[in-house]
Amino acid sequence: MRRATSFIMLLLILMSLSCQQADKRTDEIRYVVLSPEIAEILAALGLEDRIVGLTDECTYPPSLLKIPKVGAFGAIKTENVIAIKPSLIFSSGLEQEGISKDLERLGYQVVSVYPKSVAEIYEGIKRVGAITGTDKEAEALVQSMQNEIDALRQSNAGKSIPKVYLEIYRDPIMSVADNSFVGELIEIAGGNNVFDTLERDYSRVKAEDVISAKPDIMICYSQDSLQNIRSRKGWQDIPAIRDSMIFFEDSINPDLIQRAGPRIVEGLRKLSHIYDIYRDSIR
Amino acid sequence: MSRSGKALAILILPIALGIFALYLLWGNPDPNILWQVRVPRLCLTVITGMSLAAIGSVYQLMLANPLAEPYILGISSGSAFGSILMAALGLIVLMPLGGFIGAILTMLLVWRLAQKNGMFDRSRLIIAGVIVGMFFSSGISLIMYLNREDTALIMSTLMGNLGRIFSYREWHIFLGLSVLNISILIWLYLKSRALDIMSASDHYAASVGIDVHRLRKQVFVLSSVLIGIVVSYAGIIGFVGLITPHIVRMMIPGTQKKIFPACLILGALFLTLADFMAKSMTVMELPVGVVTAAIGCPFFMWLLLRRQP
């Protein structure tokens, strides 16, 4: 009996110690960033040196590559996060909702930023600015992004609006809806995304709907080759395929339009450039 | 032929034409879509439905097991594994080839495991099939876990996808394989009587001059080829192969010679209807395997209840 009591006592002491450990925070500012988008925002705000841990997907700017990794976006290694003793953790949505809650339960301060539209990127940047004490820089970044996007919109005014089909997956083919983040960018850049509404932002689509929509431009992120796309049964009448208006990752890096971060400005310029190529071709 | 059987035979032609017309013409597609997208998809659907139901009826008879279906011998899992492995390696165009090789290798393995002292053993075959199937299923899970970006493709292989986009060359290969497919179905039909006799007992079958061991091996090899083709192009579509033969036997009691062709027709029509619902009746295209089970199960329950005295 006495032995059991002392064992339980020991267990309780160990447990209280382990709680203390998690609660113990150093004054040093140490960020662990689980999302590539927030990593880009932090870097743009000049806070790179505060980042002590990242996920495998956080590849931009390239200087981030030398920072230790705590796992992949959808497979965070909790022990690695704890080991670097972060003072603040930035996480995203989707698969990371679960891990965010777990880390909060362990006593860490977790900030979740998951922008789903351009307006939410601005909000996200300002929020990150407020949390990190860089409000001014954040405000300036948002302002410059807004100015650039406004200028782009103005330069596109009056131009024809090409129909754009973006393929993100092959077998089954998947595309994006207007209200998805990428869909919004396609339209801001002066194009018309062919799938106005889909059941999900990123959703399976039917080949016959793509054929009926007659897109002028196809952006292919589905790893399919030009030759294969051209030989798809029934696709030859699609203007984009007939006139070789098919663009791949080498024309526009997917990260520029799929990551909700400061680089969307560059992505929008690239999209706009692609639309200009199309407009020149029909002239 | 029973009265309901006769009525069914008369009714089946207009019903079939109706279902095909609905499938092809729904939403008034332009001729390009009709001929280049819908007709190929219908061909794939019909071939798949026929093959699954046919193999189901043959296996149920040959293995004397009402739960036997095309996937019970693990060949579908092996085939799906081969096809998914190709996709994970980035060779999406070679998926059918991977599926085919997977089916053949699995078959050889299962067949080897089913032999006991050089003799074929029915229950050993089923156990071997289930174990090998589980092994490849775990392989698929592993690939899915390691390759998150391919989840959509793997899911569509596991839940059935008849919406494959063919290239012209792939389409010609598929047509060639369809000819092979139909030839095997005809061969299976011609063996109906022998299979019926064999289902009674091996000794009896041997006494009337059937080479039991050889026939069984042939059926097994050729049905694996069928499954390989079907899974490579359409993924795993459950339910059709299990339930169609039962429904046919309830409606048209008779010998395999009568049941087999009825299975072909019903399997094709059932899958066409299910795929139509999967792609046209819902806002988002559903995996066809979900629909076959969703409409097939209640129908089968109704049949069972109706039959009660």
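Visitor: By class, how many nonpolar, polar and charged residues does the lining of the second largest cavity have?

Guide: The lining of the second largest cavity has 5 nonpolar, 6 polar and 2 charged residues. In that tally, Ala, Val, Leu, Ile, Met, Phe, Trp, Tyr, Cys and Pro count as nonpolar, Asp, Glu, Lys and Arg as charged, and the others, Gly among them, as polar. Before we go on, keep in mind that this is a predicted model, where local features need pLDDT of at least 70, side-chain atom pairs count only at pLDDT 80 or more, and totals for chains, interfaces and linings use all residues. Residues are numbered from 1 along each chain as its sequence is written, chains are lettered from A and ligands numbered from 1 in the order in which they are written, and side-chain values use heavy atoms, with hydrogens and water left out.

Back to our cavity. The second largest cavity has a volume of about 110 Å³. Its lining takes in 13 residues, and closest to the centre are B:Met95, B:Thr157, B:Asn161, B:Arg164 and B:Tyr233. Helix 6 (151-159) and helix 10 (212-234) of chain B each give at least two residues to this lining, and helix 10 of chain B has the largest share, with 4 residues. (Helices here are DSSP runs of H or I with at least four residues, strands are runs of E with at least two, and both are numbered from the N terminus.)

What makes something a cavity? On a 1 Å grid over the protein atoms alone, a cavity is a set of points where a 1.4 Å probe fits but cannot get out, while a pocket is an open set with protein on both sides within 12 Å along at least five of seven lines; lining residues have an atom within 4 Å of a point. Grid points are joined across faces, edges and corners, and a volume is the space filled by probe spheres set on the points. By this rule there are 2 cavities of 30 Å³ or more.

The largest cavity comes to about 250 Å³. It has 21 lining residues, and A:Ala207, B:Val37, B:Gly163, B:Arg164 and B:Ile165 lie nearest its centre. Two elements give two or more residues to that lining: helix 8 (207-213) of chain A and helix 2 (31-62) of chain B. Helix 2 of chain B has the largest share, 4 residues. By class, the lining of the largest cavity splits into 9 nonpolar, 3 polar and 9 charged residues.

Now for how the chains meet. 28 residues of chain B are in contact with 26 residues of chain A, where contact means heavy atoms within 4.5 Å. Together the two chains bury about 2500 Å², 52% of it on carbon and sulfur atoms; buried area is the accessible area (1.4 Å probe) that two parts lose on being put together, summed over both. On the chain B side, B:Ile165, B:Tyr168 and B:Met284 lose the most area to chain A, together 25% of what that side buries.

Next, the open spaces. The largest pocket holds about 2000 Å³. Its lining has 45 residues, with A:Glu95, A:Ile168, A:Gln258, B:Arg148 and B:Glu149 nearest the centre. Helix 11 of chain A gives the largest share of that lining, 3 residues. The classes here are 22 nonpolar, 10 polar and 13 charged.

The second largest pocket has a volume of about 600 Å³. Of its 25 lining residues, B:Leu8, B:Ile12, B:Met251, B:Leu266 and B:Leu269 are closest to the centre. Helix 12 of chain B brings the largest share, 8 residues, and the lining has 21 nonpolar, 3 polar and 1 charged residues. Helix 13 of chain B is also among the helices that supply at least two residues to it.

Helix 13 (residues 288-307) is where you'll find B:Thr292. B:Thr292 counts as buried because its relative accessibility is 0%; buried means under 20% relative accessible area, exposed over 50%, partly exposed in between (1.4 Å probe, protein chains only). Leaving out residues up to four places away in sequence, B:Thr292 touches several others, including B:Phe239, B:Phe270 and B:Cys297.
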